[in-house]
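Have it open beside you as you read.

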Amino acid sequence: ALEFPCPLSTAQESGFTPDGSWLAIHTGDARCFDFESPEASWVSLFDTTTWQEGARLQMEGAVLEVANFNADASRFLIHDLATANAELRSFPQQELINQIPDSRGYWRLGPTGEQMVLRAPTDSRRRLLVRAENNETISYLETDDFATGDSMQFSQDGSMLGVPTRTHDYVFSTENGELLVDLGNTGTTNTMDFTADGTRLLTTNSTGAQIWDLTGRTSTSGTALTVPGADENWINPNAVVDGTELAIRVIVDDGPRDDKDAWVTLLIDPDTGSTIDHIVGDSLQLPDGRFVVARRSLGVEDRRLGPLVVLDRTAGSTTELDPCVASLAELQDGSETDCPGSFFSWYAYEHDHLVSGADGSFFFATSYAPSDSERTVRIWDSESLEIRSQFSIPYFQQAIAAGSSWVAAINNADVTPAGDIQPAITVYDIDSGAVIAEVEGPAHEAFADTINAVSQDGAILFVGEFDGRAVAFDTSS
């Protein structure tokens, strides 16, 4: 029987060190301590041979959470619940190795003592894998949902880290943060642990336990994606759109310097899930595999948009469709550009401004325009890249869809007396620009986006509203 001067904490775990030589028990019950005292709380270490208290781990004036040891008990982490600061110390000498400021929650030291995992300062969905001795970032660990408490677990050799969330379980490499396995929707996992050889993973939840075979298991859809050059490599996994076998577009938050997120196209090896290349800017893939890209800078203070190009990765060539480059800050102010003609490396509203015709034989874009001036819709032939036609549309319109002989543009600027947006669609002849028809969609609340699709034969235009309603238009009438 081990006796203590204070009630034991029931909020924090206690346990043996990995080598079994010490029993660590957290004694920090709030009913017993004066938090102004230099000995606010501590972790007692009992020698498992003599069962005598052989050491105390503490931080002056701190309300400690349980100590976390590496595999050979040569290092430990202690964490102050009050200030959220942590310290890495040697053991048994207790010499300070590193201080980790404000590492709020979910911290854990790897078995080798060389890596730590923390909660990212600004995003509770992500975890931050760092080097234990200097806090150098190894990688952000991207997850689809909030992690479940401190149930993260390293493999015994320290090469892998298991991160459970409320809906998915993940296994990451501790060398570079690469996602190795996504176990899919497993429900809320309470605990997990690896077998000694790292080939099996045990997970438990409220309904039972599962054993997973990790041998040779990969997850292409869940591969961790990074964008070189991004100021903040925040990638929204729910924004994967317009995918082909090898191309995935994602939205990247390009930092606090402007309010426009950036489109980035990632070229993925479907066999391994690894990123082959990336293309920065709104993009469209042509039927022959080439990419039309409205280029933009990423991760710099002076955001630049342009030029509009066609990339042929097979031939290693680039063809300019619109060579102009403009400052994003000036465009956001509605200023004139220095371009000699229409500027196409810009999207007017929250719709894609590079759009393919239903049969892929052509594509088009809507130009930027200074306040209250007309925009230009330009149509290019997908094979020759020659301009097929162009025409003008009002300032508040943007071309969103096309059949073989028509282009539809939407206007989301009209508002009903009740304050709802009244979207209006104007249909133009693709060659002459003459108005063919004008139709109204159902009114909806402000800030709602409009999603559309054209049937492959061009006979039907589907317009889907943000509130779940959809309208199908017969394009012949």
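1. First, a term: a salt bridge here is a side-chain nitrogen of Lys or Arg within 4 Å of a carboxyl oxygen of Asp or Glu. Keep in mind that this is a predicted model. By that rule, the structure holds 6 salt bridges. Side chains of opposite charge can pair when their charged atoms come close.

2. Start with Arg75 and Glu133, a salt-bridged pair whose closest N and O atoms sit 2.4 Å apart. This one ties together distant parts of the chain, since the two residues are 58 residues apart. Arg75 belongs to strand S6 (residues 75-80), while Glu133 is in the loop between strand S11 (127-131) and strand S12 (137-141).

3. Glu133, at 48% relative accessibility, is partly exposed.

4. Next, have a look at Arg89 and Glu87. Their side chains meet in a salt bridge, 2.7 Å from N to O. Here both Arg89 and Glu87 are buried.

5. While you're there, check Ser90, which lies in strand S7 (residues 86-90). Its relative accessibility is 12%, so Ser90 is buried too. Which residues does Ser90 contact, leaving aside its neighbours within four places in sequence? The answer is Ser74, Arg75, Phe76, Glu95 and Ile97.

6. Another salt bridge to find is the one between the side chains of Arg290 and Asp288, at 2.8 Å from N to O. Arg290 is buried, with a relative accessible area of 13%. Asp288 comes out at 49%, so it is partly exposed; the exposed class takes values over 50%.

7. Now for a sheet. Strands of a sheet pair through backbone hydrogen bonds, either parallel or antiparallel. Look for the open sheet of 4 strands in the order S28-S29-S30-S31, where the pairing is antiparallel. At its edges are strand S28 (354-356) and strand S31 (387-393), each pairing on one side only. From one strand to the next, the twist averages 20°.

8. How many bridges join S28 to strand S29 (residues 362-366)? There are 3, and the two strands run antiparallel. For a landmark, find Val355, which stands opposite Phe364 in S29.

How values were computed:
Residues numbered from 1 in each chain as written. Predicted model: local features only at pLDDT ≥ 70, side-chain atom pairs only at ≥ 80, totals over all residues. Heavy atoms only, no water. Buried < 20%, exposed > 50% of the residue type's maximum accessible area, 1.4 Å probe, protein only. Pairing = 2+ DSSP bridges. Axes fitted to C-alpha atoms, helices over the stretch in contact; angles between N-to-C directions. Contact = heavy atoms within 4.5 Å.
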